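Me: Hi! Could you walk me through this structure with me? I'd like to go one topic at a time.

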Amino acid sequence: MNGKIEGSTPVTRENAVTRIWMEQLAISLRWAESHPVKLATIAIALPSLSIYYYLQAERIPLSIFSSDIISGLPSLLAIISTITLALFALALAPLTVMFEGAITEQDGSIRVFASSRRARWKKTRRWLLALMLPGVILAIAVVFLTKHEGHDSWGMPLAAILAFAVFIVASFLLGRKRPAGKHWLESTWFAIASNWTQMFLSILVMKQVLSRLPYLENFYLILAILIACMALIASFQLFAVYLIERASREGKIAANAFYSCLALVVALCAFPATGGRLAGAIASGSASGGRSCVQMSISGAASDYSELMQSGSEDSQRTRPIRVLIATSSRYYVRLKQEDDRTFIIPIDRVSQVAKCPEPNPRKRPH
């Protein structure tokens, strides 16, 4: 006996690592299968908390014990989980260029940075700058084009091209040596895909930040805030790389990823600010067809909703711009677009049409 089975396939490092990861994933799935009561409790408690936070924050007169709310809890949890994981996947997708040359140890551990603390810190700072640059370039372009109007046709395309070029060069300079047999075009594709995702993520964050600063007129302060946000995004991404390295120790990356996703969904649903916001976005979006402002055509006596209706004779059956807060099987709960207090309840059988609000006249920002 020489310990080798004739005709067997030799076990390579890649096969051994894959087997370790699959075993850890199987352990996680067996844990889920052996704890149905815990998972059922989570499936009921988490969406209940989220929808309760939303109803309380918006002061909607709808009982959480109503049959419509209870029957929708599983769907609400499924959508919240999908959105949560998709957002985190979007935030981590640009890091694929960093993992392209990662080293996989025999025990299944993943090592992205060098083991030396000094070299690790040096590489971390450089990657922080590389991940920031696409967003910073776009932020500079947005502020410049807002201050100096009329250059949009060439300003943003030039900024996008510059961001692509800078990130691709940085990924080649900072990345590990390409594995044997891997063409440079393949690495370029990874860099392009990572940069596109990073730019998309930066634009989403800038849009949210600028929507909360509508009256801020100091362009330099706006630019400083946007650059700080880009630095926070890059810092979060690099911290996620560190966590992934830690989680992969002893080949437990699959198991730890499963438990991390579960903990992430629990934390976001249990925290009022995030749980209520997610539940509200889902409840309002599904009831209004994904529109933040609608106008409804109401049949029957318009005097029943005189405060909601338009004053013009041609549109006497159409409401003013409203927000749909939530809908049940028989009622819409709506609020006037500019109000935060009164809630109007409209029977669904009274609504004959739901239309998007007309676009407001664009307002120029002050110089």
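Me: Let's start with Cys 357: buried or exposed?
Reply: Cys 357 is buried in this predicted model. Its relative accessible area is 9%, which falls under the 20% limit, so the residue counts as buried.

Me: Which cysteine does Cys 357 form a disulfide with?
Reply: The partner is Cys 293, and the two sulfur atoms are 2.0 Å apart. Cys 293 is buried too, with a relative accessible area of 12%.

Me: How many disulfides are there by this rule?
Reply: The count comes to 1 disulfide.

Me: And what parts does that pair tie together?
Reply: Cys 293 sits in the loop between helix 10 and strand 3 (294–298), while Cys 357 belongs to the segment after strand 7 (351–356). The bond therefore links parts that lie 64 residues apart in sequence.

Me: Why is the disulfide left-handed?
Reply: Because the torsion about the S-S bond of Cys 293 and Cys 357 is about -80°.

Me: Which of them gives the most?
Reply: That would be helix 10, with 11 residues in the lining of the largest pocket.

Me: And how does the lining divide into nonpolar, polar and charged?
Reply: The lining of the largest pocket has 22 nonpolar residues, 11 polar ones and 7 charged ones.

Me: Helix 7 was on your list, so tell me about Gln 198 there. Buried or exposed?
Reply: Gln 198 does lie in helix 7. With 2% relative accessibility, Gln 198 counts as buried.

Me: What is Gln 198 in contact with, leaving aside its neighbours within four places in sequence?
Reply: Gln 198 is in contact with Pro 94, Leu 131, Pro 134, Ile 233 and Gln 237.

Me: Now aromatics. How many aromatic pairs does the count come to?
Reply: By this rule there are 4 aromatic pairs. One of them is Trp 196 with Phe 200: the ring centres are 5.6 Å apart and the planes are at 5°, so this pair is stacked.

Me: Where are Trp 196 and Phe 200 relative to each other in helix 7?
Reply: Trp 196 and Phe 200 are 4 residues apart in helix 7, which means about one helical turn separates them.

Me: And is that pair buried or exposed?
Reply: Trp 196 counts as exposed at 52% relative accessibility. Phe 200 counts as partly exposed at 37%.

Me: Last topic: Ile 110. Where does Ile 110 lie?
Reply: Ile 110 is in strand 2 (residues 110–111). At 13% relative accessibility, Ile 110 counts as buried.

Me: How far is Ile 110 from Glu 245, in sequence and in space?
Reply: In sequence, Ile 110 and Glu 245 are 135 residues apart. In space, C-alpha to C-alpha, Ile 110 and Glu 245 are 5.6 Å apart.

Note on methods. Residues numbered from 1 in each chain as written. Predicted model: local features only at pLDDT ≥ 70, side-chain atom pairs only at ≥ 80, totals over all residues. Heavy atoms only, no water. Helix = DSSP H or I, 4+ residues; strand = E, 2+ residues; numbered from the N terminus. Nonpolar A, V, L, I, M, F, W, Y, C, P; charged D, E, K, R; others polar. Disulfide = S-S within 2.5 Å. Buried < 20%, exposed > 50% of the residue type's maximum accessible area, 1.4 Å probe, protein only. Contact = heavy atoms within 4.5 Å. Phe/Tyr/Trp six-rings, centres within 6.5 Å; stacked < 30°, edge-to-face > 60°.
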